[in-house]
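Here are my notes from a first look around this fold. Keep the model open beside you and follow along.

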Amino acid sequence: LRSENKAESKPGVILAGSRSCEPQLASDLQKWLLCTHADTQTRSADDKKGADSEPQAWVAYVPTASMYLKEDSSSTRSEGERRRRLWANARKRGRQLEERLGTKVETIDLMRSKDQAELQSQMQGAKAIYVDGGNTFHLLHHIRSSGFDSVCTQMVNDGCIYVGVSAGAIVAGSSIRTAFWKGWDDPLVVDTDWSKEENLRGLNLVPDHAFFPHYDEVEHLGLVRQKREELGERDRLVLLGDHDTFML
């Protein structure tokens, strides 16, 4: 399936094939955040609490998919310095996203959270969660180890918007098996047994769907036809080109 779903009402999930979609993502997200803020102000006024009692809507930006050290790096810097540079670049990306959205963005790396309780405290009050691209296996490993899977699912159920780009789109589905197909992501960056089906389960924010980002028909049509049977019979495969978005 290739499609671009246009949500009439506020979506719970917005997914994109690549960062090329960011201008459209920012526009859509900005619109829904403004609607959310207006709704809360109206409720506050109705409750006679005053329109200014509700804090500004903000976005939790999760860069964890790109926060791994590449084994083939020719850098002469120490591991610690390389990690600090990754974190600095992630925060810079968060600031750029903040400028584009026109609303507060907090950069939250799942690798830096001690436990689920700390992560829940960090993310409390966010109106949207923006999960960026990178290595899908690295991302899913830390989604599980940090407790983000539980925190994120509950927040989305409570009305928070999930935005996933590339790897962030893949993990939103029922399975991340599509991350193997192109061979772009190294599964060995984390110590996880990917031969076990339970370790391939995504967040399931879009049940019975699997996502294949960066789809190019010329390059990937034959590959997709060959690999499609690896997914469950109930799973609907969504092909996201670099300029495609999916809303639910």
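Predicted model: local features only at pLDDT ≥ 70, side-chain atom pairs only at ≥ 80, totals over all residues.

Helices (H or I, at least four residues) and strands (E, at least two) are DSSP runs, numbered from the N terminus.

Residues are numbered from 1 along each chain as its sequence is written, and side-chain values use heavy atoms, with hydrogens and water left out.

Next I looked up the geometry of this pair. The axes of α3 and α5 come within 9 Å and cross at roughly 35°; axes are lines fitted to C-alpha atoms, for helices over the stretch in contact, with angles from 0 to 180 degrees between N-to-C directions. Which residues meet there? From α3 I found Gln116, Leu119, Gln120 and Met123, and from α5 Phe148, Ser150, Val151 and Met155. Contact here means heavy atoms within 4.5 Å.

Then I turned to the sheet. I found 6 strands in an open sheet, ordered β3-β2-β4-β5-β1-β8, with mixed pairing; two strands pair if DSSP finds at least two bridges between them. The edge strands are β3 (104-107) and β8 (245-247), each pairing on one side only. I saw that β2 and β4 run parallel, joined by 4 bridges, and that Val59 stands opposite Ala128 in β4. Helix α5 came up again: it packs on the sheet, touching β2, β4 and β5 (161-165), and its direction makes about 135° with that of β4.

I checked the interior too. Buried means under 20% relative accessible area (1.4 Å probe, protein chains only).

My last stop was β6 (residues 209-213), where 5 of its 5 residues are buried. His209, Phe211 and Pro213 point one way, Ala210 and Phe212 the other. I found β6 and β7 paired in the parallel sense over 5 bridges, with Pro213 opposite Leu240 in β7.

Note on methods: Buried < 20%, exposed > 50% of the residue type's maximum accessible area, 1.4 Å probe, protein only.
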